[in-house]
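Here's a quick briefing to read alongside the model. Have the sequence and the 3D view open as you go.

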Amino acid sequence: MNNRQQAKNIAKLYWTLSQNRDEKEVEQIAATMLDFLASRGQIALVSIVLDETKKLLYAQKNQVAVEVLSKYALTTSEQAAVKSLVHKKTGREAILHHNESSDLIGGVKIRYEDKIIDLTIKKQLEDLKQYLSS
Amino acid sequence: MEILQLFGVDWKLMLAQIFNFAIVAFVLWRFAIKPLMANMEKRNQEIEQGLKDAEKSAQKLAESDREIRQSMQVSQEKAMQIIMQAKKDAEAEKHAQLEKTKQEVKHLIDKAKEQIASQQEEMILQAKAELAETVVETVRLLMDNKMNKDIDKKYIDSMLKKV
């Protein structure tokens, strides 16, 4: 079992145990989980577990976390277009997390769940290069 | 008697001469003519035997000669057969060798063609890759220089519509 799958399982367990609990009990469960990971030398999995837990939270709310990467900040209309696109694909409300990258020439890269929609110029150029080389 | 006397023949002398002649004839017959005749007979027999032997020898010689000729003919035929077989074998060997050489040459030519084709393909691919690299790099530089927020917005809008 790889780290990602293991973290998913731990997140599912953590999420299940945390249902219908008050804040204090949830904190206690989180502390127990951290102790468990630390005892096994797998504290590095915490960030993955949190990501997976967020996904479960979003899923419960019929939402989906979307990472958006572009050179410039997205305008409101662009954000709406991205949300609409993801909703069309998943049927869920998109929660955008935007990052800017100066490495990009232009365009946008959208990542949600295990899927990537790469609309960057960099990717287009790579495809063009691949096409011309073949 | 009177006639003998008339011709002056003395019959006593005549008898004596006949007697002498008989003695001489006997001596000649006994010691000369008879051995000579026997010797001649023997020589004749030897000559006849010699002739017979010579004839036998001639026959044997002829027979030997015939046998030798037959043997030579058989040997010649065998030799000819061997030569013909050797020629056939040599021809077959030559043919096989020629075929083998042809196959080897064909194989070499095919291999060379394959190598040439492979090299050509490799060169074309390399040229394409270099061309693609150049084109893409040029486009990237151009776009990088010309890109601004407005252009990027238009690009993103158009791409999102396409998806």
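**Two chains at a glance**

Chain A has five helices and four strands. Keep in mind that this is a predicted model. Along the sequence, the elements of chain A run α-α-α-β-α-β-β-β-α, while chain B reads simply α-α-α.

**Overall make-up**

- Chain A is 134 residues long, and 20% of those residues count as buried.
- Chain B has 163 residues, of which 2% count as buried.
- Three helices and zero strands make up the secondary structure of chain B.
- Take the contacts in chain A between residues at least 6 apart in sequence: 62% of them join residues at least 24 apart.

**Helix packing inside chain A**

- Start with α1(A) and α2(A): their axes come within 10 Å and cross at roughly 155 degrees. That angle is over 145 degrees, so the pair counts as roughly antiparallel.
- The α1(A)–α2(A) crossing is right-handed. On the α1(A) side the contact uses A:Ile10, A:Tyr14, A:Leu17 and A:Ser18, and on the α2(A) side it uses A:Val26, A:Ile29 and A:Met33.
- Sorted by class, that α1(A)–α2(A) contact has six nonpolar residues, one polar and no charged.
- Now look at α1 (residues 3-18) and α3 (residues 46-60) of chain A, whose axes come within 8 Å and cross at roughly 55 degrees. These two helices are therefore oblique to each other, and their crossing is right-handed.
- From α1(A), the residues meeting α3(A) are A:Asn3, A:Arg4, A:Ala7, A:Lys8, A:Ile10, A:Ala11, A:Lys12, A:Tyr14 and A:Trp15. Their partners in α3(A) are A:Ile48, A:Val49, A:Glu52, A:Thr53 and A:Leu56.
- The α1(A)–α3(A) contact splits into eight nonpolar, two polar and four charged residues.

**Nonpolar cores**

- In soluble globular proteins, nonpolar side chains tend to be buried together.
- Which residues touch the most other members of the largest nonpolar core? Among its 15 residues, they are A:Val66, A:Val82, A:Val86 and A:Ile110.
- The core draws two or more residues from each of β1 (63-70), α4 (76-90) and β3 of chain A, and also from α3 of chain B.
- Leaving out residues up to four places away in sequence, A:Val66 touches A:Val82, A:Val86, A:Ala94, A:Ile95, A:Leu96, A:His97, A:Ile110 and A:Tyr112.
- There's also a second, separate core of six residues, including A:Ala7, A:Ile10, A:Ala11 and A:Tyr14.

**Where the chains meet**

- The contact between the chains takes 22 residues from chain B and 19 from chain A.
- On the chain B side, the elements giving two or more residues are α2 (11-146) and α3 (149-162). Which of them gives the most? That's α2(B), with 11 residues.
- By class, the side of chain B that touches chain A has 14 nonpolar, no polar and eight charged residues.
- One helix pair spans the two chains here: the axes of α5 (residues 121-133) of chain A and α2(B) come within 8 Å and cross at roughly 155 degrees. That makes α5(A) roughly antiparallel to α2(B), with a right-handed crossing.
- α5(A) brings A:Ile121, A:Leu125, A:Leu128, A:Lys129, A:Leu132 and A:Ser133 to that contact. Facing them in α2(B) are B:Lys128, B:Ala129, B:Leu131, B:Ala132, B:Glu133, B:Val135, B:Val136, B:Val139, B:Arg140 and B:Met143.
- The α5(A)–α2(B) contact has 11 nonpolar residues, one polar and four charged.

**Backbone spots to check**

- Most residues other than glycine have a negative phi.
- A:Asn20 isn't a glycine, yet has a positive phi of about 60 degrees. You'll find A:Asn20 in the loop between α1 and α2 (23-39) of chain A.
- Is A:Asn20 buried or exposed? It has 6 other C-beta atoms within 10 Å, so A:Asn20 is exposed.
- A:Glu113 also has a positive phi, near 45 degrees, and lies in the loop between β3 (107-112) and β4 (115-120) of chain A.
- A:Glu113 has 15 C-beta neighbours inside 10 Å and so counts as partly exposed.

Note on methods. Residues numbered from 1 in each chain as written. Chains lettered and ligands numbered in written order. Predicted model: local features only at pLDDT ≥ 70, side-chain atom pairs only at ≥ 80, totals over all residues. Axes fitted to C-alpha atoms, helices over the stretch in contact; angles between N-to-C directions. Parallel < 35°, antiparallel > 145°, perpendicular 65-115°, else oblique. Left-handed = near helix turned anticlockwise from the far one by under 90°. Contact = placed C-beta atoms within 7 Å. Nonpolar A, V, L, I, M, F, W, Y, C, P; charged D, E, K, R; others polar. Buried ≥ 20, exposed ≤ 12 C-beta atoms within 10 Å, placed from the backbone. Core = buried A, V, L, I, M, F, W, Y, C linked by C-beta atoms within 7 Å.
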